[in-house]
Amino acid sequence: MANAALTHADAPAARSREPLLQSKGFLGLLFMLPGAAFLLIFLTYPLGLGVWLGFTDTRIGRAGVFVGLENYQLLWEDSLFWLSVFNTILYTVVASVLKFGLGLWLALLLNEHIPFKAFVRAVVLLPWVVPTVLSAIAFWWIYDSQFSIISWALINLGLIETPINFLGDTTNARITVILTNVWRGIPFVAITLLAGLQTISPSLHEAATLDGATSWQRFRYITLPMLSPLIAVVMTFSVLFTFTDFQLIYVLTRGGPLNATHLMATLSFQRAIPGGQLGEGAAIAVAMVPFLLAAILFSYFGLQRRRWQQGGTD
Amino acid sequence: MTLSRRDLLLGTAGLAAGAAGAQLLGSGPAFAQAAAPAYKPEQGASLRVLRWTPFVKGDEDSWLANTKKFSDETGVQVRVDKESWEDIRPKAAVAANVGSGPDIMLVWFDDPFQYPDKLMDVTDIATNFASKYGGYYPGLEGYAKRDNKFIALPLAAIGNGILYRESMLQQAGWSKFPEKTDEFLEMCKALKAKSKPAGFALGKAVGDGNNFAHWIVWSHGGKMVDESGKVAINSPETIKALQYARELYQTFIPGTESWLDINNNRVFLSGDISVTANGVSLYYSAKNDPKMADMAKDIRSTTLPVGPVGQAVELHQTTSAVIFQYTKYPNAARAYLQYMLDKPQMDAWITASSAYCCPPLKGMIDNPVWTSDPVHEPYKRASSTLRTNGYAGPLGYASAATMADYVMVDMVAEAATGQRTPEEAAKRAEQRANRYYRV
């Protein structure tokens with residue numbers, strides 16, 4: 001369509017339409033059209049369809065009928081669903097806090113003058129670059145109940161007697177998947193915050209140093225406030241990624257042992273695809289939306305309120 | 001066996017009645033007992049078959065060779081595609097309901113019962129096979145027959161069996177593998193104390209986990225639902241089974257609750273466990289590796305022990321062939337399956353599958369493959385010990401969803417690990433199953 005319009009514009013016969021094509025509003029609309037179509041087809045439609053499916057009893061391959069809130073009612077009474085909600089929140093909160101703390105620390109370290117700076121920064125990014133499924137399979141071996149290299153090393157060092165039951169014990173399994181997620185998520189936080197650190201003008205630090213500020217004071221009153229808008233964005237994304245994590249769990253445990261690591265995303269898949277109940281699976285996925293919205297709103301309003309960069313006070 | 005005789009009697013009675021009727025009407029020859037329904041492929045017909053990715057190479061080669069023979073004889077071109085076995089279920093459901101896709105599919109478990117109206121009636125082919133070859137094993141027939149109508153043709157049971165290390169058993173003082181569950185428990189205790197422990201998957205292992213959990217419950221007389229489809233899992237029998245599972249679990253190697261389908265294979269091949277349950281493929285992993293020749297010689301196999309119910313009952317994996325109604329060449333499709341599932345082709349295919357596939361018809365069970373290696377023999381019994389996953393109720397959406405949600409596996413794992421008491425675990429399974437078998 002856009003092509004057709006442009007060829008028309010080139011044709012001399014279409015001179016009379018020039019004002020329209022030169023109108024900013026019309027051109028703007030025209031140029032936004034591909035983007036809008038893309039968003040509508042690949043984002044809005046699937047999302048809308050997912051919400052709609054959640055109100056139906058659709059199964060794979062069989063169109064369902066509208067059943068109102070029945071899926072949600074059933075989930076409300078389903079202890080496995082609530083367990084997955086608990087797991088998801090635990091997973092997201094603990095992993096996000098760790099990723100933020102460790103990521104910021106790493107960013108500060110990388111911001112110092114260290115030898116082979118570019119190389120080190122590239123290496124740090126690796127966990128993020130490697131496809132999740134591949135790294136998850138590697139971790140699956142690392143955490144194997146019999147062949148774990150960690151257990152092997154500790155046994156040979158004489159520190160433990162039997163292999164650690166990483167993925168078999170419910171508490172261990174939760175800790176293990178959270179740490180693996182942290183390992184994978186840190187580079188994203190660290191590299192993004194590093195970029196933010198580099199935009200902070202050194203003159204601010206110099207001035208503060210001349211005024212006798214300690215390094216903690218410089219961090220607390222210069223670095224952190226200057227970084228906070230970026231932290232808000234990074235952590236919003238990080239929380240979203242963590243909350244919707246699927247691949248890691250699916251490879252490592254499939255939600256086991258005893259459903260201790262079943263997240264809402266994995267439960268949604270289990271019910272929708274192997275179980276065939278698209279309606280209920282969609283309902284679980286939709287049930288994630290309020291949590292995600294809450295996380296976004298918290299990040300934006302909680303962390304971005306201080307408009308330091310605009311010179312505002314609070 | 002009694003069932004086959006009954007089938008036969010019923011069959012002959014029906015045929016006799018039909019013959020009498022035909023004679024009364026004065027029409028020509030009374031009947032031809034073994035006359036197979038003859039399907040003449042349509043002019044210019046071609047077929048698309050979608051099957052699960054074979055587990056053993058010989059299976060695929062033989063299936064394709066048989067297909068080629070069919071094409072040569074009939075001129076019908078057949079394209080055989082394959083898909084990972086876990087992806088078959090959603091693909092088949094979509095094909096059935098969208099109304100386009102492969103003409104024939106090899107599906108799993110109760111798949112045909114998810115869309116029975118979209119499948120072609122193949123009763124005539126099935127009854128002809130049944131009368132010719134001594135009848136179907138009831139379990140496999142259960143996965144294909146709905147309201148006295150065959151909506152699928154039983155193809156094979158993928159056998160599950162015990163694989164164990166003879167030397168390790170001897171070390172623990174057992175010269176023979178026990179046949180009863182209580183002796184089995186004793187042996188596992190001895191193995192743990194004096195030799196290498198046993199290990200069975202209790203994690204979310206689609207195949208191994210379900211096989212083990214269903215065996216534990218069924219062998220003690222527990223069942224998910226009764227004949228009418230009412231949830232009956234919270235029963236004294238189930239509690240017994242779970243108490244047994246709890247005791248048995250304590251003899252296992254640590255970590256079984258995290259095991260997925262592949263874990264028991266790895267641990268068994270590393271020599272860390274003495275007993276596990278698996279398809280015959282595990283034996284072949286050792287046998288085909290020259291470095292493991294010694295281990296392969298030490299591997300023995302048997303069926304899972306018999307519990308208080310007094311007979312061997314197992315889930316196994318079952319595969320059936322379906323024809324979708326939307327096919328443009330129904331006669332070619334029926335002729336194809338009739339050809340592929342007939343004895344000469346099946347015999348070749350079963351032989352080539354190295355004991356992985358067990359035939360559905362009693363008259364096909366004798367095959368040189370079962371004696372070619374002593375480890376194969378127990379897998380011969382897969383078809384006869386097989387029960388449908390929705391036992392004892394009807395198959396359908398609820399039976400499929402209950403298994404996909406790991407209700408049985410979770411219950412056994414919860415009780416075995418001591419996370420919940422057997423009573424609590426059974427009650428929770430009842431609640432979860434009731435969500436599907438709506439009360």
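I'll start with chain A. Residues 85-301 of chain A are 76% helix and 0% strand, and the end C-alpha atoms of that span lie 24 Å apart. UniProt, in an unreviewed entry, lists those residues, 85-301 of chain A, as "domain: ABC transmembrane type-1". Before going on: this is a predicted model, and what I report is computed from it or, where I say so, taken from the record.

The same record, again unreviewed, has the annotation "transmembrane region" on residues 25-45, 89-110, 122-143, 149-168, 221-241 and 281-303 of chain A. I looked at two of these. Residues 89-110 of chain A are 100% helix and 0% strand, with the end C-alpha atoms 31 Å apart.

Now chain B. It contains 19 helices and 11 strands. The C-alpha trace of chain B spans about 75 × 55 × 40 Å along its principal axes. A compact globule of 439 residues would have a radius of gyration near 22 Å, and chain B, at 23 Å, agrees with that. Of the 439 residues in chain B, 54% are buried. Among contacts in chain B with a separation of 6 or more, 75% are between residues 24 or more positions apart.

Let me take the sheets of chain B. One is an open sheet of 6 strands with mixed pairing, in the order β2-β1-β3-β10-β6-β11 of chain B. Which strands stand at the edges? They are β2 (77-83) and β11 (357-358) of chain B; each has a single partner strand, so one side of each has no neighbour in the sheet. Further in, strand β1 (residues 46-52) and strand β3 (residues 104-108) of chain B run parallel and are joined by 2 bridges. Val49(B) is opposite Ile104(B) in β3(B). Helix α13 (residues 330-340) of chain B packs on this sheet, touching β1, β2, β3, β6 (153-158) and β10 (317-323) of chain B. The direction of α13 makes about 145 degrees with that of β10(B).

Another open sheet in chain B has 3 strands, ordered β8-β7-β9, and its pairing is antiparallel. The edge strands here are β8 (275-278) and β9 (299-302) of chain B, each with a single partner strand, so one side of each is left without a neighbour in the sheet. From one strand to the next, the twist averages 30 degrees. Strand β7 (residues 161-165) of chain B is joined to β9(B) by 4 bridges, and the two run antiparallel. Within that pairing, Leu163(B) has Ser301(B) of β9(B) as its bridge partner.

Last, the interface between the chains. How many residues of chain B are in contact with chain A? There are 32, and they contact 29 residues of chain A. Helices of chain B that each supply at least two residues to that side are α3 (88-98), α10 (263-270), α17 (397-404), α18 (407-417) and α19 (422-436). The helix that gives the most is α3(B), with 7 residues. By type, the residues on the side of chain B that touches chain A divide into 14 nonpolar, 8 polar and 10 charged.

That is where I'll stop.

Methods. Residues numbered from 1 in each chain as written. Chains lettered and ligands numbered in written order. Predicted model: local features only at pLDDT ≥ 70, side-chain atom pairs only at ≥ 80, totals over all residues. Pairing = 2+ DSSP bridges. Axes fitted to C-alpha atoms, helices over the stretch in contact; angles between N-to-C directions. Rg over C-alpha atoms; globule rule 2.2 N^0.38 Å. Buried ≥ 20, exposed ≤ 12 C-beta atoms within 10 Å, placed from the backbone. Contact = placed C-beta atoms within 7 Å. UniProt positions renumbered as here; feature names shortened; annotations may be inferred. Nonpolar A, V, L, I, M, F, W, Y, C, P; charged D, E, K, R; others polar.
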